[in-house]
Amino acid sequence: MTMPPPHALVTGCSSGIGHSIAQKLLDEGWHVTGLSRRRPDVSGDFDWVPADLSQTSALPSLIEDVDTVQAVVHAAGFQYAQPLGELNDTALRDMFAVHVEAAAVLVNTLFDRIESDGRIVLIGSRTATGAGGKCQYAATKAALTGLARSW
């Protein structure tokens, strides 16, 4: 009996770190379910789920058919930078939704489908410790650290 390949759910798989992680897992024989706004250019055992991760209330239904996973990699993200005195509250809400709320919703929804020895990877940033002009982005990345350490 052939064992099925390990399965990972990767967000932000259409570009940047998420794309690189998805393709690396595919190259190593994993089955990958990718969530992103744009269809990624990857090759391998891949299922794409079109998703706007800022619309967190839609996420549970988008992943209801995802089977058991050995890994959840939350790599989706973006950065708005503004100096103090010019902060944009919409930018903070948007980054918080994609970076933090989406991670919490996805992992909570998949909780009973993550293998007991599975991994949850939340892509952070060294900016989480603070960086001039990037306080809101830094706050969202610091929140990911809090989530990961608490889980």
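Which residue in β4 is the bridge partner of Ala 8? It is Ala 71, and that pair is a handy way into the sheet of this predicted model. Numbering starts from 1 along each chain as its sequence is written, and side-chain values use heavy atoms, with hydrogens and water left out. As the model is a predicted one, local features need pLDDT of at least 70 and side-chain atom pairs count only at pLDDT 80 or more, while totals for chains, interfaces and linings use all residues.

The sheet is an open one, with five strands in the order β3-β2-β1-β4-β5 and parallel pairing. Strands here are DSSP runs of E of at least two residues, helices are runs of H or I of at least four, and both are numbered from the N terminus; two strands pair if DSSP finds at least two bridges between them. At the edges stand β3 (46–50) and β5 (114–122), each with a single partner strand, so one side of each has no neighbour in the sheet. On average, neighbouring strands are turned by 15 degrees against each other, direction ignored (axes are lines fitted to C-alpha atoms, for helices over the stretch in contact, and angles run from 0 to 180 degrees between N-to-C directions).

Going through the pairs, β1 (residues 7–11) and β2 run parallel over five bridges. His 7 sits opposite His 31 in β2, and Thr 11 sits opposite Leu 35. On to β4: β1 and β4 pair in the parallel sense over four bridges, and β4 pairs with β5 over five bridges, again in the parallel sense.

As for burial, six of the six residues of β2 are buried (under 20% relative accessible area; exposed is over 50% and partly exposed lies in between, with a 1.4 Å probe and protein chains only). Both faces of β2 are covered, with His 31, Thr 33 and Leu 35 on one side and Val 32, Gly 34 and Ser 36 on the other. Strand β4 (residues 69–74) has five of its six residues buried, so the rest of the structure largely encloses it.

A pocket is an open set of points on a 1 Å grid over the protein atoms alone, with protein on both sides within 12 Å along at least five of seven lines, and lining residues have an atom within 4 Å of a point. Of the 24 lining residues, Arg 37, Ala 76, Gly 77, Phe 78 and Val 98 are the closest to the centre. Three lining residues come from α1, the largest share, and α1 (16–27), β2 (31–36), α3 (89–110) and α4 (135–150) each supply at least two.

Arg 37 belongs to the loop between β2 and β3 and counts as exposed at 63% relative accessibility. Pro 50 is 13 residues away from Arg 37 in sequence, yet the two are 5.4 Å apart in space, C-alpha to C-alpha. Gln 55, in the loop between β3 and α2 (59–62), is partly exposed at 45%. Between Gln 55 and Ala 102 the C-alpha to C-alpha distance is 8.2 Å, with 47 residues separating them in sequence.

Technical notes:
1 Å grid on protein atoms, 1.4 Å probe; cavity = no way out; pocket = protein on both sides within 12 Å on 5 of 7 lines; lining within 4 Å.
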